[in-house]
Amino acid sequence: MMTTINAFLAAKGIYLLTLILLSLGAAGIIVCNNYMKKLICMNVMQVAVIFFFLCFGQKTGGTIPVALSEVVKASEYINPLPHGLMLTAIVVSLGTTGVGLSLLFRITEKYGTIEEDDLIRRENKTKTGEKE
Amino acid sequence: MTFITAIEYRPLLAVMVSLIASGLIYVLGEHIRPNAREAITLIASALKIIIVYSMIPYVLEGTEIHLELFSIVKGVSFAFNVDPAGMVFACVASTLWILTSVYSIGYMRGHGEQNQTGYYAAFAMCLSAATGICFAANLITFFIFYEVLTVATYPLVAHYRDKEGTISGRKYLAYTLISGQIFFAAIVIVYAVSGTMEFTPGGFLTEEMLPMPWALIVFFMMVGAGMVKAGVMPLHSWLPAAMVAPTPVSALLHAVAVVKAGAFCTLRVVLYVFGPTLAKSCHGADILAWMAVFTILVSSLIALKKTNLKARLAFSTVGQLSYIVLGICILTPFSTAGALYHIVAHAFMKITLFMAAGAIFVTTHKKDIREMLGLGKRMPVTMACFTLASFGIAGFPFFAGFVSKANIIFGAVAMGKPFFVATLIVSALLALAYLMPVVLIAFKKEVENPDFAARGEASLCMLVPLVITAIISIILGIAPNIGLHLFDFSIMAGNSIFTPLM
Amino acid sequence: MTLILEAILLLGLIGITVAIIFGKDLMTSVVIYCAFSFITMFLYIVMGAPDVAFTEAVIGVISTVFFIIILRSVNRKTK
Amino acid sequence: MKENIPVLIILLPLCSALLCLLLTGLHKRLGRALVVLATAGSLVLSVIQLRTVITEGTIHYAVGGYEPPFGIELVIDSLNALIIVMISIIGFLTVLFAENFGDDRPVVKGSANAILALLITGLLGMTSTGDMFNLYVFLEITSLSAYCLIAMGGSKGVVSAYRYMLVGTIAATFYLLGIGILYSATGTLNMGDLSAILNKGGYDDVMLVSMSFLIAAFGIKMALFPFHGWQPSAYTHAEPGTRPLITGVMGKIPALAMFRYFYCIYGTDYIYVKYLLILLGVFSVFGMLYGSLMAMGQSDIRKILAYSSVAQIGYISLGFAIGTPVALAGSFLHMIGHAFMKGGLFFCTGAIRFKYGTVNIDDFGRIYKKMPLTCGLLVVAALSMIGIPPTAGFFSKWYLALGAAGRHEWIYIAVLVISSLLNAVYFFKVIEKVFIQQDKGLDDKWSKGELELPLTIILPVVVCFIAILGIGIFNVKLFDILMLTLEGVGL
Amino acid sequence: MTIIMLIVVITVPFIAFDVLPAIGDPESPPNSHVSDYYIEHAIDECNSPNMVTAVIVDYRAFDTMFETTVMFLAGISVVLIMANKPRRRIPSPGDFKRTRNTGGTPIYQTINKDVMISTIEPLILIYAMYVLFHGEVSLGGGFQAGALIGMTYLLDVMAVKRDKPIMNLTKFMSAAIAGLGPFIYALTGIICFIGGGLYLQYNKLPFNIHEAELHSIGITAVEIGVTIGVAGTIITILNALRERISFDDDND
């Protein structure tokens with residue numbers, strides 16, 4: 001029983017869950033009406049793709065990639081490459097979040113709302129008096 | 001210095017002269033006096049005449065003047081090639097440019113027109129493009145100049161910047177750009193199937209390259225561009241609409257460059273790309289000939305009904321241009337020579353008519369034929385020239401029109417097409433029917449029109465070119481070969497195409 | 001065994017995401033998102049990526065603070 | 001030093017951006033001067049690099065001295081080198097041009113220049129890198145700076161930037177997903193190595209799945225038809241000084257990256273290639289028609305140009321969909337030509353806005369009398385967009401059509417023709433307004449000096465004018481350079 | 001509905017095609033092709049037992065440089081976006097005002113300043129230094145250290161009244177400093193040119209010591225750059241946000 005579950009998870013299960021998380025994030029960006037939520041969903045999506053990378057970096061029986069002795073065997077350590085890549089990805093996501101939040105603030109300041117439908121209504125109202 | 005003296009560079013020089021003039025006029029035009037600006041035009045046109053004429057002896061000898069500059073697209077160079085057919089058109093265009101320029105100066109000043117700088121610049125650009133069309137050695141070079149001509153004519157058509165001008169400008173663009181783009185697609189197909197684009201007398205396409213339905217489609221895709229510019233029905237309607245432009249522009253459109261470029265395009269496509277054999281076997285030439293016949297008859301009938309003088313002349317042009325197309329499509333050496341010579345003949349005759357119409361408009365502000373009663377009293381010289389040119393259009397013997405029409409008729413007879421012969425004769429009568437009333441009204445003796453009591457011709461600038469063209473059109477009728485050997489060129493072109501097939 | 005733990009944590013994350021999407025109060029969403037970060041960090045450790053987890057821990061805090069700063073000027077309620 | 005040119009080209013704008021704020025703090029104009037110098041230096045180096053590549057062949061630069069696939073590698077072939085020159089030129093011109101716009105506080109000026117330089121860095125990096133993940137990092141640099149520059153264009157710009165950011169992040173995530181799949185199947189991140197492994201065979205499914213994500217990702221970034229939603233408003237409201245770079249170049253580089261994946265990495269041997277090509281072809285065809293049709297209905301010149309970009313990107317991806325070397329060369333010629341056309345048109349728009357403060361074409365009546373130079377460029381660029389010879393646009397269209405004819409894709413030729421006619425409709429509308437409509441009598445906001453505009457605006461305008469005609473007339477030279485790379489690529 | 005559709009669209013390809021390796025398989029391509037090289041050579045080539053550090057600041061140092069640049073870019077983006085002078089708001093709904101006065105005790109009053117400033121902050125800073133300088137042997141590295149320093153600043157701002165933190169940096173200054181970090185990084189790479197190396201080739205640094213030591217020096221220099229960049233950026237973003245929004249409610 002346990003081994004079947006394990007095998008299923010290893011082959012498909014974890015990937016499936018990660019991808020569902022990713023699609024939830026993407027869907028959140030599309031269906032949410034609130035810009036703040038869209039931003040949070042964007043973060044969720046990025047986290048999901050980080051999981052995706054880390055998933056196939058795992059190694060059964062491997063330890064964390066800090067060398068314990070001078071002589072190392074590759075099979076003893078978890079693959080460090082996805083970790084390196086994902087560190088970069090996390091940093092990028094923080095940067096994007098920061099920019100997104102400041103944009104969000106400007107939107108609130110100008111339109112007084114961060115709901116998409118309200119915003120579109122107000123945008124249309126001010127079409128004529130636009131100042132670039 | 002070899003650049004100036006070497007014979008190969010002459011076609012390039014001929015193109016560049018007016019191109020540089022155009023640039024100079026556009027850049028300097030607003031900053032220098034009008035006299036200086038027009039001097040540029042005149043100097044350039046004189047230079048162009050010299051350059052073009054200087055090539056005549058070489059072409060007569062049969063020397064190939066061939067210039068390959070650089071590859072314009074991969075595998076095809078930007079090349080000029082001076083052959084008799086191109087020479088005919090080039091001579092006409094360059095000769096008429098200087099006359100039109102002189103006339104324009106008189107007309108524009110007499111009329112106090114706006115935007116003269118743009119006008120002269122665009123005019124020079126058109127001539128550049130027309131010369132390029134004459135001397136282009138391959139389809140892509142040809143197409144480049146063809147499109148430049150399209151774009152450069154647009155500001156001329158929309159010259160008055162008013163609603164009417166805008167609309168006719170749009171109409172012009174719609175017709176020419178659409179046909180131009182289709183032409184482009186056809187060139188691509190031709191290049192893809194044949195791997196060459198050099199104009200060859202007798203054509204380079206064969207039936208193996210383009211099987212039957214494709215051949216006909218591509219034929220009309222290519223000829224369509226020529227048909228639009230040459231105003232073959234049903235693609236003619238931009239031409240009468242373009243009448244809103246000033247008269248020198250009409251002269252340019254109808255006589256010097258634009259519609260002739262269309263006719264020339266048809267010539268190149270039918271005889272130099274497809275060749276008589278393929279054009280015949282795919283039935284393209286036949287269909288086109290019948291369309292030309294239809295155009296000749298219908299446009300003459302329409303012209304009968306028009307009371308605006310310029311509109312009447314415009315429909316006359318539509319009909320006359322179809323003579324050229326018909327001559328090409330009969331596919332005999334005689335008719336081809338006749339068609340080419342008709343480019344010359346029609347140019348001189350029609351430009352006389354237009355210049356006369358313009359002179360009348362500038363001096364008396366009359367456009368409608370019915371108001372011209374007794375005009376002959378006031379402007380006898382103008383009206384005399386008008387009369388001469390009318391005879392020419394109708395194809396009277398000893399006028400330029402006769403020579404070309406006779407040749408086309410010979411060709412039609414040789415091919416055994418009695419209906420074409422009949423058409424040509426009927427249309428000559430119709431031409432008389434729509435042009436003679438103008439003459440008759442103008443010279444009607446019994447009526448005294450108070451408007452035209454005093455004698456008063458247009459300014460000399462306008463009158464002189466008018467008289468010159470009228471005289472030339474008679475001279476060309478009596479001695480077709482005089483001076484420039486244009487008739488010889490036409491015959492040479494016809495022979496070069498058909499001799500290999502004999 | 002780790003895989004099952006991962007699966008459970010991932011399911012938790014999915015639940016949180018659904019809660020964020022359908023929540024009515026932005027403050028709640030942001031606070032839940034903080035929890036999301038925390039679970040994520042835990043998950044990274046389970047996956048054997050302590051460096052990433054460390055980073056996520058720090059970033060989780062910082063981005064939550066950013067969110068809350070912005071939230072003060074935004075209407076908390078949402079449809 | 002010569003071997004370090006590829007990395008120096010990227011480093012110069014980067015370092016100038018990093019130091020820009022500090023120097024702006026010391027003196028107001030110092031930071032900007034540095035950015036101008038750095039972009040100029042990068043331009044010079046890129047030309048040198050192009051010459052080197054043509055004579056000596058592809059450059060491989062292993063950053064850090066680690067041989068690929070272990071380290072990051074920069075690969076400069078003739079195609080890249082050419083595109084890098086293009087980016088450097090437009091980047092340099094835009095840096096000059098941007099001087100005239102935006103407010104004058106040192107914080108704003110300094111950061112804006114820094115961000116512009118970073119955008120150039122990102123674009124250069126995306127072009128030259130040979131590593132999948134490195135491409136992602138550069139993609140993010142490009143996108144983040146673009147978000148910011150778009151957001152600077154006023155309150156509508158902020159909203160457009162926010163929407164672009166959400167969509168752009170989806171694209172970046174999809175890109176990560178795509179390369180994640182590739183990495184998981186092959187274990188490498190280096191493009192050359194990846195290509196070698198994939199072409200051993202047996203990776204058809206991997207290629208299909210990853211390519212669908214990559215098409216979506218790059219499609220969003222380059223505003224390919226069904227993914228173009230963010231583009232019109234973003235291009236419209238971007239900061240006016242930097243718009244030429246954003247509109248002219250930013251959409252092209254993802255297209256180049258897509259080409260890399262499609263042809264250089266995946267090759268054309270796997271079984272799904274023809275479906276993907278058809279998919280791409282459908283996208284391009286609809287994009288060309290849709291973009292042109294939408295542009296016809298607009299009266300704001302920025303919107304017209306933005307929608308026309310949707311159509312023009314269609315031309316580029318059409319070349320990819322045809323896939324023969326000639327068509328690909330046509331695509332890249334169009335990429336280079338269009339950068340100058342669209343950049344040039346936005347230089348014109350910016351100049352008119354600078355002088356008269358309007359972007360509505362109904363106000364453009366007869367401005368050709370007051371700004372002959374700008375209007376000259378406007379006309380030439382518009383003709384080039386339509387594809388009238390001898391401008392650049394005609395020749396790229398020629399190669400595209402030739403490629404299509406070579407593969408008997410007649411429908412693509414028909415669409416090319418229709419699309420150029422639609423282009424003609426709205427560009428002649430603009431030309432008509434400029435030349436024919438009555439003068440609105442707007443007041444001139446800049447009437448100092450003899451010239452019609454400040455020198456920093458005139459220079460870009462003149463360069464674009466020359467470039468459009470030059471690329472047109474001497475297209476065979478570019479074609480030959482492109483063919484050095486494209487010869488064996490494609491169908 | 002959209003949610004379900006998206007889930008289906010994204011997940012189906014993975015179920016339909018068997019493209020991903022099994023998790024935890026040591027022989028799978030991602031775990032064997034390139035990464036084995038990193039694991040086996042990290043110590044002797046880079047002198048860095050922490051393989052992740054070796055990967056990010058040595059093998060793939062170019063990536064990390066631009067990652068730091070992204071942080072800097074985010075910082076100045078926020079500055080730039082927030083630098084626009086507030087314009088008239090188009091609508092004036094009451095809700096905007098209402099939400100600002102959410103009430104409650106200001107944060108700085110709930111925190112024991114003495115403990116905060118004299119105990120916690122120094123501890124965090126020391127830990128940050130540890131993380132920074134021992135990034136190559138243990139967990140962490142420049143990025144984490146920078147983030148920790150940024151957090152210290154954050155705590156400091158929270159603890160004392162606004163406008164009076166210990167290091168009172170303007171957003172302009174902090175952004176300029178944030179730019180210095182990546183610049184140090186880039187400069188480290190450029191110095192390698194002098195020794196005749198390629199960009200970021202640490203063993204060609206122009207110092208006359210053992211190669212492995214050179215790698216340590218290079219890594220440390222780079223980590224310092226990353227730290228400065230990240231710390232500067234976080235401070236910049238905080239400052240920029242703070243300038244426009246009342247961080248505490250002390251103006252009431």
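Tutor: A residue counts as buried if 20 or more other C-beta atoms lie within 10 Å of its own. The model under discussion is predicted.

Student: What percentage of the residues of chain E count as buried?

Tutor: The secondary structure of chain E consists of 11 helices and zero strands. Among its contacts between residues at least 6 apart in sequence, 72% join residues at least 24 apart. Of the 252 residues of chain E, the share that count as buried is 48%.

Student: Which helix of chain E gives the most residues to the side that touches chain A?

Tutor: In this interface, 56 residues of chain E are in contact with 51 residues of chain A. At least two residues each come from H1 (2–16), H2 (29–32), H3 (35–46), H4 (51–59), H5 (61–83) and H11 (211–244) of chain E. With 11 residues, the helix that gives the most is H5(E).

Student: How many residues on the side of chain E that touches chain A are charged?

Tutor: The contact between the two chains involves 56 residues of chain E. By class, that side holds 37 nonpolar residues and 11 polar ones, and the number of charged residues is eight.

Student: Which element supplies the largest share of the side of chain D that touches chain E?

Tutor: Chain D places 53 residues in contact with 46 residues of chain E. Two or more residues each come from helix H1 (5–26), strand E1 (59–62), helix H4 (106–128), helix H5 (132–151), H6 and H8 of chain D. By class, this side has 36 nonpolar, 14 polar and three charged residues. The largest share, 10 residues, comes from H5(D).

Student: How far apart are the closest C-alpha atoms of chain C and chain D?

Tutor: Not every pair of chains touches: chain B and chain C do not, and their nearest C-alpha atoms are 52 Å apart. Chain C and chain D likewise have no contact, and the distance between their closest C-alpha atoms is 15 Å.

Student: Are H2(A) and H3(A) roughly parallel or roughly antiparallel to each other?

Tutor: The axes of H2(A) (residues 35–55) and H3(A) (residues 80–111) come within 10 Å and cross at roughly 175°. Residues that meet across this contact include Leu39(A) and Phe53(A) of H2(A) and Leu85(A) and Leu104(A) of H3(A). The contact comprises 14 nonpolar, five polar and no charged residues. Angles over 145 degrees count as roughly antiparallel, so the orientation of H2(A) and H3(A) is roughly antiparallel.

Student: What residue in E2(B) is the bridge partner of Ile65(B)?

Tutor: Strand E1 (residues 65–73) of chain B runs antiparallel to E2(B), and six bridges join them. These strands form a hairpin with two residues between them, and Gly75(B) in the turn has a positive phi of about 90°. Five of the seven residues of E2(B) (residues 76–82) are buried, so this strand is largely enclosed by the rest of the structure. In E2(B), Ile65(B) is partnered with Val82(B).

Student: Which residues of E2(D) point the other way from Glu73(D) and Val75(D)?

Tutor: Strand E2(D) runs antiparallel to E1(D), with four bridges between them; in one of these pairings, Ile59(D) has Ile76(D) as its bridge partner. In a regular strand the side chains alternate between the two faces of the sheet. Within E2(D) (residues 73–76), Glu73(D) and Val75(D) point one way and are buried, and also buried but pointing the other way are Leu74(D) and Ile76(D).

Student: How far apart are the end C-alpha atoms of H6(D)?

Tutor: In H6(D), 31 of the 33 residues are buried, so this helix is largely enclosed by the rest of the structure. Just after the helix, Gly187(D) takes a positive phi of about 80°. At 1.5 Å a residue, H6(D) (residues 154–186) should span 48 Å, which agrees with the separation of its end C-alpha atoms, 46 Å.

Student: Which helices of chain D are included in what covers the buried residues of H12(D)?

Tutor: Helix H12(D) has 24 residues and reaches 35 Å from its first C-alpha to its last, close to the 34 Å expected. Its buried residues include Val273(D), Phe283(D), Met288(D) and Ala295(D). The cover over its buried residues includes H8 (204–222), H13 (301–322) and H17 (410–435) of chain D.

Definitions and conventions. Residues are numbered from 1 along each chain as its sequence is written. Chains are lettered from A and ligands numbered from 1 in the order in which they are written. This is a predicted model: local features need pLDDT of at least 70, side-chain atom pairs count only at pLDDT 80 or more; totals for chains, interfaces and linings use all residues. Two residues are in contact if their C-beta atoms, placed from the backbone, lie within 7 Å. Ala, Val, Leu, Ile, Met, Phe, Trp, Tyr, Cys and Pro count as nonpolar, Asp, Glu, Lys and Arg as charged, and the others, Gly among them, as polar. Axes are lines fitted to C-alpha atoms, for helices over the stretch in contact, and angles run from 0 to 180 degrees between N-to-C directions. Angles under 35 degrees count as roughly parallel, over 145 as roughly antiparallel, 65 to 115 as roughly perpendicular and the rest as oblique. A residue is buried if 20 or more other C-beta atoms lie within 10 Å of its own, exposed if 12 or fewer, and partly exposed in between; C-beta atoms are placed from the backbone. Two strands pair if DSSP finds at least two bridges between them. The expected span of a helix is 1.5 Å times one less than its number of residues.
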